[in-house]
Structure formats: C-alpha cells, structure tokens
Amino acid sequence: MSEAFFVEVPPLETLEKRLRLAEADGAGGGEVPIDLFLVESVDQLSVAFPGQEDAIQAWAAAQGFSAKTGQALFWPGPDGRIAAAFIGCPVDPATGQATPGFGLGALPALLPEGQYHLRTRLADAETALTAFLLGGYRFSLPAKTPNAGVVLLTDEAARAAAISSARAVTFARDLINTPANLLGPEAMARSADALASQFGASFSVIEGEGLLDPANPFPLVYTVGAAARDAPRLIEMKWRGTAAKDDAARIVLVGKGVSFDTGGLNLKPGNAMNLMKKDMGGAAAVLGLAMMIMQADLPIALRVLVPAVENSISSPAFRPSDVLTSRKGLTVEIGNTDAEGRLILADALSLADEESPELLIDMATLTGAARVALGPQLPPFFTDDEDLASELSRAAYDVDDPVWRLPLWPGYESAINGKVGDISNTGNMPFAGAITAALFLKRFVEKAKSWVHFDIYGWTPSTRPGRPEGGEAQAIRALFNLLSQRYPPAG
C-alpha cells in the first residue's frame with residue numbers, strides 16, 4: 001500500500017446503484033424487477049396475486065412460512081423464476097405501512113441477487129432504507145468496487161436522505177475497519193483533509209513538536225503520541241452552512257483518534273490488543289457526523305477537532321506516576337498509560353471550550369467499563385443538560401440508533417483527585433470507570449453552553465440486520481437527527 005494512503009469518501013453512485021427510484025428506473029434496463037412485499041401475516045400474501053390466495057397460502061405452509069419478522073418466502077412464476085418475494089415484518093394495521101425499523105438491513109443477505117420493487121409503504125422510510133444500504137456494506141483491502149447485489153427499487157421520498165446517511169456511516173466504518181499500519185495519524189489527517197476538500201471546509205493540522213508551541217500548546221496530545229514513529233497530530237476542520245448567519249450556532253465535535261493502542265508501558269495483553277485498530281472510533285464517528293451535517297447544509301458554524309496519536313512504546317513513552325501539564329494548566333497524574341484517550345481529549349476539549357460553543361460533543365472508544373455496564377450495542381452518553389438528554393433520547397429512538405444516559409455522579413469527583421497532580425487519569429477506586437472518565441473530561445469543559453460525552457464501542461461483534469460485523473459509527477444518526485431538528489436546513 002502507498003505511504004500516502006487515506007480513506008476516501010464513498011462515491012454517491014455506489015449507493016445509488018443499490019437504491020433506485022422505481023419510477024425513474026423503469027424495468028431496470030430490460031430486467032423485470034421482482035415485486036417485494038412486507039407482510040405481518042400469511043393472510044396478507046394475497047395482496048400480490050388476488051385470486052390465488054389458496055395456492056399462495058398452501059405454498060407458504062409447505063415452506064414453513066408464518067410471516068415472522070425476518071422470514072422470507074419466494075413465490076415462483078410460470079417459468080420457475082421468482083415472481084414475488086415476501087418478508088415477515090410488522091405492519092401498522094391502521095395505515096398499512098410497514099414498521100421494520102432496521103430490519104430491512106437483513107435484505108441483502110435474505111434475497112437472491114437481483115432487482116426488487118418494494119411494493120409496501122414504509123412508516124419510517126429513511127431509517128428502513130438506510131438499514132437496507134448498510135446491510136450490504138462490505139469492507140475489503142484493497143478496496144473493491146462492490147457488485148450491485150440486491151437492488152431495491154422504491155418510490156419513497158426519503159431515498160436521497162437514506163443514501164446520504166448510509167454514505168456517511170460507510171465512511172466512518174471504512175475508517176474504523178482500516179488496519180492501523182495503513183491508518184495512522186498521518187493517514188487519518190489525509191482522510192479528514194479529503195473530506196474537508198469535498199465539502200469546501202477549511203483544514204489544518206498541527207503535528208509533532210508543533211504541539212508544544214507555548215502560544216498554542218497541546219502537551220498531552222504530544223506526550224501520548226511521542227513514542228510512535230508516526231508523529232501525533234491535532235486535526236482541525238471548520239465549515240459554515242450556506243444559510244448560516246453571523247450569529248449561527250457554533251457546534252464543535254471532538255473525536256478520540258488513537259490509531260492503535262498498545263496500552264503504552266502498561267502494555268495490554270494480546271487478546272485485549274486484537275481490536276485496537278478501532279480505538280480511533282470516536283474520530284471516525286465525528287468525521288461521519290460532520291459529513292452528514294455538511295451534506296444536509298445545516299445552517300450552523302461547525303468545528304471538528306481530532307487529536308490523532310498512536311499509543312506506542314519506545315524511549316519517549318510516558319510513564320505511570322508521571323505528572324503532565326495540560327493545555328488548560330491542570331496537572332495530570334498518570335495512574336495508567338492505558339488511560340490515554342482521556343488525556344488527548346482533554347487538550348482538544350480545552351481548545352473547543354475556549355470559544356464558548358453552543359454545543360460541544362465528544363465521542364470516544366474510552367472505557368471497558370461502559371461495555372461492562374451496557375454491552376456493545378448500547379453506547380452511554382453523559383451530560384448535565386436535561387433538555388439535551390431528553391431530546392437526544394427521543395432522536396435516537398426515532399432513527400433506531402440506540403443510546404442510554406449514564407450519570408455524571410458528583411459523589412465520585414473525589415475519586416479522580418490526584419495525590420501529586422491536580423487530577424488523576426485513572427482515579428483511586430476500581431468502580432464506575434465510565435463515570436469517572438466522564439468526570440475527568442468534565443474538568444476541561446467550563447464555557448460551553450451544553451456538553452455531551454459519548455463512550456462508544458465503535459464495533460459490532462456479531463452481524464445483525466443493517467450492522468455487519470466490524471466497525472460501527474454508533475450514535476451519529478441519533479446526533480444528526482437531533483441537530484437537524486434544532487437547526488433545520490433552509491427550504
């Protein structure tokens with residue numbers, strides 16, 4: 001692979017080939033599409049071929065089809081080819097609209113390759129169609145042009161929005177799935193630069209000893225990444241929506257960009273290091289969210305900060321018991337070099353907080369404690385803003401992108417006090433690790449009107465509909481839903 005490797009933004013055409021407008025596609029270039037119906041009971045099978053109810057229901061019984069969610073039934077035509085496909089799915093009896101949630105993400109695996117015309121209306125078309133596109137995601141190196149596979153023809157107005165959403169999630173997944181030998185801090189910066197260029201955003205990066213400039217210091221970012229051959233970086237993007245006014249809301253996204261985490265001198269055991277290429281999942285998530293925002297042209301002033309490092313081991317590596325001075329001036333006592341993510345986030349959050357943004361969002365694959373508490377599917381978030389917490393929970397539910405609030409419990413503040421430094425990066429108790437990590441970050445946020453911290457896993461350990469095994473951009477569709485409601489695009 002080239003040393004100039006970077007992750008490209010997926011072209012729109014790749015997704016547009018898989019999700020087409022039925023009225024524009026016609027017969028699909030000569031191929032007659034197969035009618036696809038979502039049904040909740042065997043009684044609904046007759047919607048496809050009135051007058052053949054008995055035959056279809058007998059066929060369903062012979063195939064063991066009972067319209068359970070996710071079941072598939074294929075009705076043969078006179079020539080033996082598939083004439084119609086039926087997928088078990090909840091249907092709202094009042095409207096006749098299907099409510100599959102993320103269930104359509106199973107279609108690329110359920111259906112034989114070909115074109116299918118979706119004949120059932122969807123209650124939440126954007127989520128369902130996004131799931132369909134994401135269910136067909138595959139990562140490979142070198143990158144391959146994917147076959148169209150299962151093509152879905154639809155007349156749903158939400159098609160374009162689903163394609164945009166899936167495109168951003170695909171970009172984030174590609175970043176997470178790329179091995180660390182290809183996507184170190186330099187390649188991460190190149191990938192962010194490519195994204196910025198595509199949407200007319202400004203881009204800058206501070207690297208290596210430039211992070212120690214007394215006029216604009218990022219000493220924790222530098223120290224964590226100093227032992228790696230690939231120099232540490234602070235990546236920055238700035239963008240304004242075309243309809244953003246002078247007083248537009250300032251939104252800042254901060255993402256943890258640890259390209260690989262050995263644990264440093266507190267070296268991880270081998271089995272705990274296997275997935276550490278995903279430790280830049282927070283950076284991938286905020287870049288994916290930024291892409292969603294820019295695609296939709298939300299009327300905001302956006303800033304994205306990614307501290308990008310590799311936590312490696314060599315003579316400059318920082319040590320347990322070291323005391324480091326942060327950008328904010330707080331001294332940080334190192335209890336464990338494997339708690340490095342909160343260190344680099346601290347400097348980036350300090351910078352973000354200096355401009356008093358309306359909303360400051362950070363995302364990080366930060367603690368194993370969050371996974372012990374909620375597992376890999378349900379990322380926790382932390383905020384003191386009650387309105388934001390309520391809005392976020394609703395926004396997440398509406399797009400089937402689950403999140404769960406955990407408390408910034410003040411009773412644990414004393415646990416992160418340092419014995420020598422102002423604050424410890426590990427704390428003095430073995431409990432509530434996700435909460436104490438969030439409280440650590442909170443010390444570096446004072447001026448932001450609202451702040452929310454996400455402790456994501458960034459990975460799907462086993463395939464589910466719309467979520468294949470591998471890197472996952474958790475919570476960004478929920479956040480985009482919230483932001484697009486607060487700051488709707490013009491027109």
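1. Helices here are DSSP runs of H or I with at least four residues, strands are E runs of at least two, and both are numbered from the N terminus. Counted that way, the protein has 15 helices and 20 strands.

2. Some housekeeping before the details. This is a predicted model, in which local features need pLDDT of at least 70 and side-chain atom pairs count only at pLDDT 80 or more, while totals for chains, interfaces and linings use all residues. Residues are numbered from 1 along each chain as its sequence is written, and side-chain values use heavy atoms, with hydrogens and water left out.

3. On overall shape: the C-alpha trace spans about 80 × 45 × 45 Å along its principal axes.

4. Next, burial and surface. Of the 491 residues, 54% are buried (under 20% relative accessible area; exposed is over 50% and partly exposed in between, with a 1.4 Å probe and protein chains only). The accessible surface comes to about 20100 Å², and carbon and sulfur atoms hold 51% of that (Shrake-Rupley method, 1.4 Å probe; for residues, only the protein chains shown count as cover).

5. As for contacts (heavy atoms within 4.5 Å), take those between residues at least 6 apart in sequence: 77% of them join residues at least 24 apart.

6. The second largest pocket deserves a look. A pocket is an open set of points on a 1 Å grid over the protein atoms alone, with protein on both sides within 12 Å along at least five of seven lines; a cavity is a set where a 1.4 Å probe fits but cannot get out, and lining residues have an atom within 4 Å of a point. The second largest pocket holds about 660 Å³ of space, where grid points are joined across faces, edges and corners and the volume is the space filled by probe spheres set on the points.

7. Who lines the second largest pocket? There are 32 lining residues, with D338, L366, T367, G368 and A369 nearest the centre. Elements giving two or more residues to this lining are α9 (270–273), α11 (341–353), α12 (368–374) and α14 (433–442). By class, the lining has 12 nonpolar, 11 polar and 9 charged residues (Ala, Val, Leu, Ile, Met, Phe, Trp, Tyr, Cys and Pro are nonpolar; Asp, Glu, Lys and Arg are charged; the others, Gly among them, are polar).

8. V304 sits in strand β11 (residues 301–311) and counts as buried because its relative accessibility is 3%. Neighbours within four places in sequence aside, V304 is in contact with I235, E236, M237, L253, V286, L287 and A290. Its C-alpha is separated by 30 Å from that of R464, 160 residues apart along the chain.

9. A180 is in the loop between α6 (159–177) and α7 (185–198), partly exposed at 22% relative accessibility. Not counting residues up to four places away in sequence, A180 touches S259, F260 and K277.

10. Two backbone spots to check by eye. S356, in the loop between α11 and β14 (359–364), has phi near 50 degrees, a positive value in a residue other than glycine. S356 is partly exposed, at 33% relative accessibility. A432 also has a positive phi without being glycine, near 55 degrees; A432 lies in the loop between β17 (423–424) and α14 and is partly exposed at 27%.
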